[in-house]
Amino acid sequence: MSRISKSILGQTKSITLIASLMLSGMMISRARAHQDMQNMPGMSKSKSSAQRKTPTSRKRPVASRHLRKMSGTTMPGMNMSEARKPRRGRRKHRTTQKRPPAKKQQMGNMPGMQRPITSASPSASPQKEKMTMPGMQMPAASANPQSSPQQKMEMNMPTPAASPGASPQKMDMNMPMPTSSPGASPQKMDMNMPMSQASPSPGMEIMPGMNSMNTGPLLVMSGADMGVRVGPNEKNVMHIGQMGSGTSWAPSSSQMNMWDKIAGNWLFMFHFNAFAGVNTQGGPRGVTKFESQNWFMPMAFRKVGPGTLQLRGMFSFEPFTFPPGGSPLLFQTGETYKGQPLIDRQHPHDLWMELSATYTVALGERATWFAYFGYPGEPALGPPAFMHRASASENPSAALSHHLEDSTHISFGVLTTGFTYRWFKLEGSIFNGREPDENRYNFEAHPWNARSARLSFAPNKHWAAQVSYGFLRSPEASEPNTDIHRATASVQYNRPLNHGNWASAFIWGRNHQSGGGERANLNGYTAESTLNFLDQNYLYTRLELVDKNELLRPADRARLGISEAHPSFRIGAYTVGGTRDFWKTDKLSLAIGSDVTFYSMPASLNLIYGHNPVSWKLFLRLRPARTEMSNHQIHGSMQKKEDSMPAKP
């Protein structure tokens, strides 16, 4: 008997210990479930049965009520009935009352998500719910007081990835489910609910307490800002308005005229600008020609590995739309035509202006590393090229200082790398410094023997500044022994206005030429501005002072009695003009415009250029309509995500 007593006593202690452990586990599980759900609207923890004073009060299923309140769980086709237990009240007359059938609680209308009604029998075994939604399993509540220990309800809801190509993430939600028996342990329901990768569902967007999920798409917008996400961090964004030519910076508030589309994991953009009209240059050297300046630039972005890939192309039909020998432009120099230096002409740009790829990786929330390769491309030298500056967006002419400031924007072979941190960007390039040849349709191969470095500074969205320095080995084919050391500095300003925009730039460039026993220092100063007002009206100006030492041919020097091979002259050019959009759709903008240019020059050139020459242009301008980002609609499957564009830290 003593052995039996000891055995019974030992089993009793074991049962007591197991019961204590189970009770502790239940309490810990309930505490964790409460912590997981406390930040979600409608997910407050209900009072336990021990806290309810009235023993005969009706107990409502806790989890069903909470799921009804949770935003985002009203999914089509998802019906879950409540589990009810039979009344075993002390008063007999209560047991004879007829109860209405259990009402079905709707979790939504998600197809295939129907939970069968559980049996009210105490001996009923747990049923297995069948749900057609992938990965979602909800064990039914058992009416048996001796039901199995606590079951889990896990909601694994893959959240949208930061990019269309990223794999979905899971959100685990453990929610205790009520049982139909007072002695049964709470159950937990497993729910794996895949969600769209392109954008979060409406219910998930408005649910507070879920900010930790990476719901941002590749393209993010907020107010008047648009950007492309870099890496998984939501605060690291490349502002599209800040992207100048090559890797240069413009003010991020610059207005854009482009088309965009999302296709699969790619974000596509397309920019273009085309001028066509009459160009009349005054004075003895002036001529009148019909011509068209134009460029077209497609861009593509997508997530690749830990970073973002940007592909860019730029093309021009100017080899076909310029007059032979180039566009007439008084006092312009640079490059050659039929083996002779171009004078008073602007050369056409190559058919292939840029074919480049940039890969950018986020380094935390405030820094990035990037690598750029272009063939052709633009090295880290000078401000954005004139056709990419908002301050020159309405002016069809190149600046006279072009070959002292930004002429390397077409280099056949460029490799640039650098870092950005907050408002700063430091980068360096090795590249081919030779100017393109007269064949405007081919790809050229020259030694990559030029180098440059640039520091950019953008303290806020309205300003962008840069200083840069570069060494160009034999840039001109007509003077192969002459090298150039170029230094540049620029400040750009942009201010959006009510029904308009104001963009300005101040640029300095300096060429130190050496070779063939000669040395020369040439400086160029450019101030330009464009004011857009009342939506469709534009006024623009460009004021220049530039040193030129290639204006005179041998016959001109003999005529003027100048023996120096490369005499230098300080030239001034002062342009004012305006355009007006007279036909606009949500896709295109067509404008008519005109400008006039006055000049200043040394009196010694009057014999060649005449007294006070004046030039003018009359043209049409066609480009995409302005991108209104505050009401922007992405053409694709990606939805707009408000307040996703972070301010620069």
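Which residue stands opposite Ala 450 in S20? Phe 431 stands opposite Ala 450.

## Model and chain

This is a predicted model, in which local features need pLDDT of at least 70, side-chain atom pairs count only at pLDDT 80 or more, and totals for chains, interfaces and linings use all residues. Residues are numbered from 1 along each chain as its sequence is written, and side-chain values use heavy atoms, with hydrogens and water left out.

The chain contains eight helices and 28 strands; helices (H or I, at least four residues) and strands (E, at least two) are DSSP runs, numbered from the N terminus. Of its 649 residues, 51% are buried, where buried means under 20% relative accessible area, exposed over 50%, and partly exposed in between (1.4 Å probe, protein chains only). Among contacts (heavy atoms within 4.5 Å) with a separation of 6 or more, 65% are between residues 24 or more positions apart. The chain exposes about 30,400 Å², and carbon and sulfur atoms supply 58% of this area. Accessible areas come from the Shrake-Rupley method with a 1.4 Å probe, and for residues only the protein chains shown count as cover.

Strand S20 spans residues 450-457. Its covered face carries Ala 450, Ser 452, Arg 454 and Ser 456, while Arg 451, Ala 453, Leu 455 and Phe 457 are on the uncovered one. In a regular strand the side chains alternate between the two faces of the sheet.

S20 pairs with strand S19 (residues 424-431) in the antiparallel sense, over eight bridges; two strands pair if DSSP finds at least two bridges between them. Strand S21 (residues 463-472) also runs antiparallel to S20, and seven bridges join them. Phe 457 stands opposite Ala 465 in S21. Five residues lie between S20 and S21 in the hairpin that they form.

## Salt bridges

The structure holds 15 salt bridges, each being a side-chain nitrogen of Lys or Arg within 4 Å of a carboxyl oxygen of Asp or Glu. One of them joins Glu 354 and Arg 312, at 3.9 Å from N to O. Glu 354 lies in strand S16 (residues 352-363) and Arg 312 in strand S13 (residues 307-315), so the pair ties together parts that are 42 residues apart in sequence. Both Glu 354 and Arg 312 are buried. In another salt bridge, the closest N and O atoms of Arg 440 and Asp 350 are 3.1 Å apart. Arg 440 lies in the loop between S19 and S20, and Asp 350 in the loop between strand S15 (340-346) and S16, so this pair ties together parts that are 90 residues apart in sequence. Arg 440 and Asp 350 are also buried.

Glu 427 is in strand S19 and Arg 454 in strand S20, 27 residues apart. Glu 427 counts as buried because its relative accessibility is 3%, and Arg 454 is buried with a relative accessible area of 1%. Salt bridges that share partners join Arg 389, Asp 406, Glu 528 and Arg 542 into one network.

## Nonpolar surface patch

Val 278, Phe 290, Phe 582, Trp 583, Ile 592, Trp 616, Leu 618 and Leu 620 form a nonpolar patch on the surface, with about 790 Å² of accessible area together. Patches are made of residues with over 30% relative accessible area and no salt bridge; like charges are joined within 9 Å, and nonpolar side chains (Val, Leu, Ile, Met, Phe, Trp, Tyr) within 5 Å.

Strands S26 (569-584) and S28 (614-624) each supply at least two residues of the patch, and the largest share, three residues, comes from S28. Trp 583 is in strand S26 and is partly exposed, with a relative accessible area of 42%.
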